[in-house]
Amino acid sequence: TPDKGQAMTLLENAKDKGGKVLRGATPFTVAFASGDGHLYRARFGGFSDQNKALSACKTLKSKGFACWASLQ
């Protein structure tokens, strides 16, 4: 999103709709430069393993959210 507040609102909505798969997840934003200034990625972290992250992503996709899981 172009605004950090919008990214946080997106995370709140996702957490509400994600249910138990996001219960222990930590929402955060990451800013990065773009041609028009800064954009903010909405992310969740704190999953105990890759399978939990993939499960959360699958749930979010079923609720209409764009998502991908990556190992960091």
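Predicted model: local features only at pLDDT ≥ 70, side-chain atom pairs only at ≥ 80, totals over all residues.
**A walk through an α-β-β-α chain**

With 72 residues, a compact globule would have a radius of gyration near 11 Å, and this chain agrees with that at 12 Å; the radius is taken over C-alpha atoms, and the globule rule is 2.2 Å times the number of residues to the power 0.38. Residues are numbered from 1 along each chain as its sequence is written, and side-chain values use heavy atoms, with hydrogens and water left out.

Let's start with the outline. The chain has 2 helices and 2 strands, and from the N terminus on they run α-β-β-α. Helices (H or I, at least four residues) and strands (E, at least two) are DSSP runs, numbered from the N terminus. Along the principal axes, the C-alpha atoms fill a box of roughly 35 × 25 × 20 Å.

Now look at the strands. E1 (residues 26-34) and E2 (residues 37-45) form a hairpin with 2 residues between them. Their pairing is antiparallel, over 9 bridges; two strands count as paired if DSSP finds at least two bridges between them.

Next comes the interior. Of the 72 residues, 22% count as buried, meaning under 20% relative accessible area with a 1.4 Å probe and protein chains only (exposed is over 50%, partly exposed in between). The largest nonpolar core has 10 residues: Leu11, Ala14, Leu22, Ala25, Phe44, Ala56, Cys57, Leu60, Phe65 and Cys67. Such a core is a set of buried Ala, Val, Leu, Ile, Met, Phe, Trp, Tyr and Cys residues joined through side-chain atoms within 4.5 Å. Helix H1 (4-18) and helix H2 (50-62) each supply at least two residues of this core, with the largest share, 3 residues, coming from H2. Leaving aside neighbours within four places in sequence, Leu60 is in contact (heavy atoms within 4.5 Å) with Ala14, Leu22, Phe65 and Cys67.

Cys57 and Cys67 form a disulfide, with their sulfur atoms 2.3 Å apart; the rule asks for a pair of cysteine sulfur atoms within 2.5 Å. Cys57 lies in helix H2 and Cys67 in the segment after H2, so the pair ties together parts that are 10 residues apart in sequence. Both cysteines, Cys57 and Cys67, are buried.
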